[in-house]
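Please consult the sequence and the structure shown here while reading.

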Amino acid sequence: MRAKPSPKPAIVKPPVIKTDRHFVTALARGLEVLASFRHGDRMLGNQELSKRCGLAKSTVSRLTHTLTSLGYLIYVEESAKYSLGTATLSLASAMLSKLDIRKLAHPLMQELAEFGQCMVSLGSRDRLSMIYIDAVRGSAAVTLSLDIGARIPIATSAMGRAYLTAVSERERIDILERSCELADVSCRPELHRGVGKAMRDIRELGVCCSFGDWQKDVNAIAVPVMPGGGLPPMAINCGAPAYMVSKDFLLGQVRPRLIALANDLETSLGTAR
């Protein structure tokens, strides 16, 4: 039985500064439509896109028509919905091919996944989520059913917390505040406690933890890594269903190997601190 991914986080539009005369609203709205497609979405209609973007359906209709004409979307007549087009794929492929950290990390991640019989993932921030840009698994038959392109919440996952420890206090507070705005009022204190604990854990343990915080039956630890090349921090996560890997095993056996993996990567990339 595979661990089920948590509900997909809502796409939250970044704040727009109205006085920015260089900001192209039409372009931003088109990108919002493309960003509405999440891991696992095969097709979306204008109504669902309108809901996710927070735009009028008539506006979305014009945007999807334009994006289809440019090859960024494909219109499927049978369902009257859209899927991502090859032009979008080419952009993603070009981005991934330039990530040196991904090429260097993959064999090291695979080795760690085999040792821990868990899933090891490399992720980068996308708004209030962390998105997997690489993921490997151990040879065990049962593991997390997540893959490249999957999103996990930034405030409750070990990967997201690791990212938050590597950014400025201003960015961390902004992300936490926006995460709280989307969460139930009763959950907000827990989000603050979780991020506060992550700051202590990275100092005392060298990793950030999420033992049942993201999903009650999933254990994970993560470390931030600096990819260089002007890119923002990323994070490497190691996790599995709780019945497969215990908290003690992750902290006692996997933790030193995960820290060493991050150090080796940063040394190879010339970003070691």
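## The largest cavity

In this predicted model, the largest cavity holds about 80 Å³ of space. Its lining comprises 15 residues, and those closest to the centre of the cavity are Ser157, Trp214, Val218, Ala220 and Asn237.

Three elements, α6, β7 (218-225) and β8 (234-241), each contribute at least two residues to the lining of the largest cavity. Strand β7 provides the largest share, with three residues. By residue class, the lining of this cavity consists of nine nonpolar and six polar residues, with no charged residue.

## The largest pocket

The largest pocket contains about 1,500 Å³ of space. A total of 43 residues line this pocket, and Leu34, Thr88, Ala92, Ile131 and Arg151 are the ones that lie nearest its centre. The lining divides into 24 nonpolar, eleven polar and eight charged residues.

Both helices and strands take part in the lining of the largest pocket. At least two residues each come from the helices α1 (25-35), α3 (57-69) and α4 (86-97), and likewise from the strands β2 (81-84), β3 (119-126) and β4 (129-137). Helix α4 supplies the largest share of the lining, namely eight residues.

Two packed helices are described by the angle between their axes and the distance between the axes. Helix α6 (residues 158-166), which also contributes to the lining of the largest cavity, packs against helix α8 (residues 188-204) at an angle of about 70°, the axes being 9 Å apart. Angles of 65 to 115 degrees count as roughly perpendicular, and α6 and α8 are therefore roughly perpendicular to each other. The crossing of α6 past α8 is right-handed. On the α6 side, the contact is made by Arg161, Leu164 and Thr165, and on the α8 side by Gly194, Val195, Ala198, Met199 and Ile202. Five of these contact residues are nonpolar, two are polar and one is charged.

Helix α6 also packs with helix α7 (residues 169-182), here at an angle of about 145° and with the axes 8 Å apart. In this pair, Tyr163, Leu164 and Thr165 of α6 meet Glu171, Arg172 and Ile175 of α7. The contact of α6 with α7 comprises three nonpolar residues, one polar residue and two charged residues.

## Packing of α2 against α3

Helix α2 (residues 46-53) packs with α3 at an angle of about 110°, and the two axes are 9 Å apart. Because of this angle, α2 is roughly perpendicular to α3. The two helices make a right-handed crossing. Asn46, Gln47, Leu49 and Ser50 of α2 form the contact together with Lys57, Val60, Ser61 and Thr64 of α3. The residues of this contact divide into two nonpolar, five polar and one charged.

Helix α3 links this packing to the open space described above: α3 makes the contact with α2 through residues that include Lys57 and Val60, and α3 is also one of the elements that supply at least two residues to the lining of the largest pocket.

Definitions and conventions
Residues are numbered from 1 along each chain as its sequence is written. This is a predicted model: local features need pLDDT of at least 70, side-chain atom pairs count only at pLDDT 80 or more; totals for chains, interfaces and linings use all residues. Side-chain values use heavy atoms; hydrogens and water are left out. Axes are lines fitted to C-alpha atoms, for helices over the stretch in contact, and angles run from 0 to 180 degrees between N-to-C directions. Helices (H or I, at least four residues) and strands (E, at least two) are DSSP runs, numbered from the N terminus. Angles under 35 degrees count as roughly parallel, over 145 as roughly antiparallel, 65 to 115 as roughly perpendicular and the rest as oblique. A crossing is left-handed if the near helix is turned anticlockwise from the far one by less than a right angle, and right-handed if clockwise. Contact means heavy atoms within 4.5 Å. Ala, Val, Leu, Ile, Met, Phe, Trp, Tyr, Cys and Pro count as nonpolar, Asp, Glu, Lys and Arg as charged, and the others, Gly among them, as polar. On a 1 Å grid over the protein atoms alone, a cavity is a set of points where a 1.4 Å probe fits but cannot get out, and a pocket is an open set with protein on both sides within 12 Å along at least five of seven lines; lining residues have an atom within 4 Å of a point. Grid points are joined across faces, edges and corners, and a volume is the space filled by probe spheres set on the points.
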